[in-house]
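Here is a short tour of a protein model, written for someone who likes to know how each value was defined. Please keep the sequence and the 3D view open as you read.

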Amino acid sequence: MKALFNLVDEVRLAKPLVVQYTNRVTINDCANVTLAVGASPIMSASVEEVDDMVSSASSVVINIGDMESSDLFIKAAKTANKYQIPIVLDPVAAFASKKRRELIEILLKEVNFTVIKGNISEMKFLAGFEFNGRGVDCFDEDNPTEVAITLAKRYNCIAAATGKIDAISDGKKTYKILNGDENLQSITGTGCMCTSLVGSFLGATDNALEASTMGILSMSLSGELAGANKPNIGTFRVKLMDNLNSLSVDKLKSFAKIELV
């Protein structure tokens, strides 16, 4: 795990530029977690500047939470492929409406994503499994390993499925993360923030599997540490950001619950 854990220092040295097309509900927190781990966020919502923004990026994040920007998402994603910039897709509530399903179908057909990251219900939907989700909420609690492996092979990408257990796979190697805290489900946007963290580490290394794993682990572990002593939810939110900012190799060695399967 040495190379994986060292990414927490490498991202601070590289200061990758992470261009993010995300939703208005979570945009501020997504920018702040990017900064917390040492990367540099640009939160863009302009079709006119896509080429300039994406061509200069270390990585690109596409989060479909705000469906008013569907045309922007498609253009930004295709531009990332054009410039060979690594790109993360967060299929927020992909199953919730016809419009979202149509957008996801176009994106997955026309864009080569480096990483697809979603909660277990979203990922089961993409993989064609039975799922138990509603709106942006996830009610599936089963092991996500099979789902992650299936999607990784289908789309030739890294697939990261989050839940009580997180699974991140390239189709051959799979990391399982057992850190976490139930309060992560009680704060708006922790899934979106997690995607921003994946994008942050992706901009600092050529190893997309390790970058994705570190992005998920940083959120899961920081949530677990923030939840120690059962703080009130507002305090938990502040401690979550503090733990992301103070994440270190030593802390990862001491507290990370991660397996390579």
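## Contacts along the chain

Among contacts in the protein between residues at least 6 apart in sequence, 70% link residues at least 24 apart; a contact here means heavy atoms within 4.5 Å.

A word on where these values come from: this is a predicted model, in which local features need pLDDT of at least 70 and side-chain atom pairs count only at pLDDT 80 or more, while totals for chains, interfaces and linings use all residues. Residues are numbered from 1 along each chain as its sequence is written, and side-chain values use heavy atoms, with hydrogens and water left out.

## Overall size and surface

Along the principal axes, the C-alpha atoms fill a box of roughly 45 × 40 × 35 Å.

Of the 261 residues, 56% count as buried (under 20% relative accessible area, with exposed over 50% and partly exposed in between; 1.4 Å probe, protein chains only). The protein exposes about 11,300 Å², and carbon and sulfur atoms supply 47% of that area, computed by the Shrake-Rupley method with a 1.4 Å probe.

Strand 8 (residues 158-162) pairs with strand 9 in the antiparallel sense over three bridges, and A159 has S169 as its bridge partner. Three residues lie between these two strands in their hairpin.

Strand 9 (residues 166-169) runs antiparallel to strand 10, joined by four bridges. D166 is partnered with I177, and S169 stands opposite T174. This pair also forms a hairpin, with four residues between the strands, and G171 in the turn has a positive phi of about 100 degrees. Strand 10 in turn pairs with strand 11 (residues 258-260), again antiparallel, over three bridges; there, K176 has E259 as its bridge partner.

## Which way the side chains point

In strand 9, D166 and I168 point one way, A167 and S169 the other, and all are buried. In strand 10 (residues 174-177), T174 and K176 point one way and Y175 and I177 the other, and all are buried.

Technical notes: Two strands pair if DSSP finds at least two bridges between them.
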